[in-house]
Amino acid sequence: MKKAYWNYLPLLLICLAFPLVASAGNGLGIKGSKHDFSGEDWNNGTLQYGGEVCRVCHAPHDRGLDLWRDADVSGLLWNHKMSTAEYSMYSSNSMAGTIEDQPIGRSKLCLSCHDGTVALDAFGDGPNNGNGDMDTALTGRFVIGALKDGSNLDLRGHHPISLQYVDNDKIGTNGGLHDPADQTWYDLSSVALSLEQGRVECHSCHDVHNRVSVPNTQVLRAGIREGQGGAEHASLLCLTCHNK
Amino acid sequence: MRKLLVFALVATFAFGATALVATDADARAMANGIVGSAHDFTNNRDGSVALDAENNLIPNRDESWNYRGEICRVCHAPHDKGRTAWSSWGEEVGETGLLWNHALSQTADYPMYASSSLEGEISNQVIGKSKLCLSCHDGTVALNAFDGQQDKPATDPDAVLIQSFSNGFTIGPGRTGSDNDFLMGTHPISVAYAAGFYDENPKVGRNGGLHIPDGQVFGNLVKMTGAPTVDMVLEQGMVQCHSCHDVHDSKDVNAVGTRLNRAGQGLAENRGGDPSGLCLSCHNK
């Protein structure tokens, strides 16, 4: 009788191993995540400052001061060259919140890589001095807008960013929007805190540091398929804000 | 030639391993304590030597401006040697104590760090111990302006810190020759982390935000066994210069090869072996 327990050993091992596999690289912090570039060749070009995690985007002191002045946005010790592109902004005849003429705030920082016009290694003031090698620029599915028409710069129809959420006529109405102050993401973090000065920006849905994101999504703060990230129903990400 | 060799050998033995390590011209941290460190301003502090134009051996690090040859005195002195300095700016220094003995920067208007994502309150101006660091590191005060000598002109023009790409001794964009007081975008100091009441800063204790500082260890846990935890390096709950930089180069506290950082920066062994370990000690990313 006692021996029979061993028959369950493989099953037990699988059960133990599964959570490790399922969560690998997701929701565990920036180390080992998609945004950990410490092992990339292009991030090891300078002996003095190569091989760091945070430095590709952030650096204290004055290493990236000129880059920060270009960015002129939201602090964050920004250390990466900014894009100079102009974008076609999202528009919709059902939108109640106002949208900026161009992306602002932290979305502008995301676009400094994700519009595909700036090299990944264009950071700091090392030998690349904010220019970098365009061979490292993002392509394909890592570039937003690319799915639309290939111009990379068209946010219409798919990326409603720099868009006012708070003080919005739709808030509190059925079929409209939940009050962000009352809403939490799947990990119980506040929706209001994921806005930037009341606006929806890239980081409102995507946790770019991969800490609170759902495994096997594009670092989303909630699941989009049933069961994903423990979601009781599909489209949890959308329905966290949209009161449908 | 033989004399030179003998001198070099004696110097090496006299100063132990320190002299062997201290080959990097910009004096990276050695985590051996302040003796022989970047902040040890006794003349010829690490025993390393160089040759002058006439092939005479000279100290590699000429700190002859430090007229009494002490280590602590450049910044601290008991009794009344630094009384003038202390009383002149007692309002700022008095609160910090530390037997402060170095002339303070007269720069009173640093544009402070700002960020739309900042939750902790930031002071209008630099306060606390950071002000003491700036008394040398904003590049406006001579290193030898201590011991009541703060009104005297620098005896050595090189005694004011300068900045270049390889020798970054001043904060701010000093490489362009001005604006050393510019902290905006670069130096988040005198900013509240948490003073024991973590609900003051909604980021503390949150994933993606900040770790709870109590008991939070810096970087590579094994290596930094003797190091203080994050709560111990805040000043009345604020992040200051010394929160990240251990200015006394205390043994087992600094990551070797960094700028006196309490944890590593890069993967390489001489950069702490811990990619962005310093940042991630507090930022829960």
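Are B:Phe41 and B:Trp65 buried or exposed?

Both B:Phe41 and B:Trp65 are buried, where buried means under 20% relative accessible area, exposed over 50% and partly exposed in between (1.4 Å probe, protein chains only). This is a predicted model, in which local features need pLDDT of at least 70, side-chain atom pairs count only at pLDDT 80 or more, and totals for chains, interfaces and linings use all residues. Residues are numbered from 1 along each chain as its sequence is written, chains are lettered from A and ligands numbered from 1 in the order in which they are written, and side-chain values use heavy atoms, with hydrogens and water left out.

**Exercise 1.** Classify the ring pair A:Phe37 and A:Trp42.

Step 1. Rings of Phe, Tyr and Trp (its six-membered ring) pair if their centres lie within 6.5 Å; planes under 30 degrees apart count as stacked, over 60 as edge-to-face and the rest as tilted. Four aromatic pairs are found by this rule over all chains.

Step 2. For A:Phe37 and A:Trp42 the centres are 5.1 Å apart and the planes at 50°, a tilted pair.

Step 3. A:Phe37 is buried at 16% relative accessibility, and A:Trp42 is buried at 15%.

**Exercise 2.** Describe the pair B:Phe41 and B:Trp65.

Step 1. Its centres lie 5.3 Å apart with the planes at 55°, so the pair is tilted.

Step 2. B:Phe41, B:Trp65, B:Tyr67 and B:Phe146 form one aromatic cluster.

**Exercise 3.** State which residues A:Ser189 touches.

Step 1. Contact means heavy atoms within 4.5 Å. Leaving out residues up to four places away in sequence, A:Ser189 touches A:Gln183, A:Thr184 and B:Arg206.

Step 2. A:Ser189 is buried, at 7% relative accessible area.
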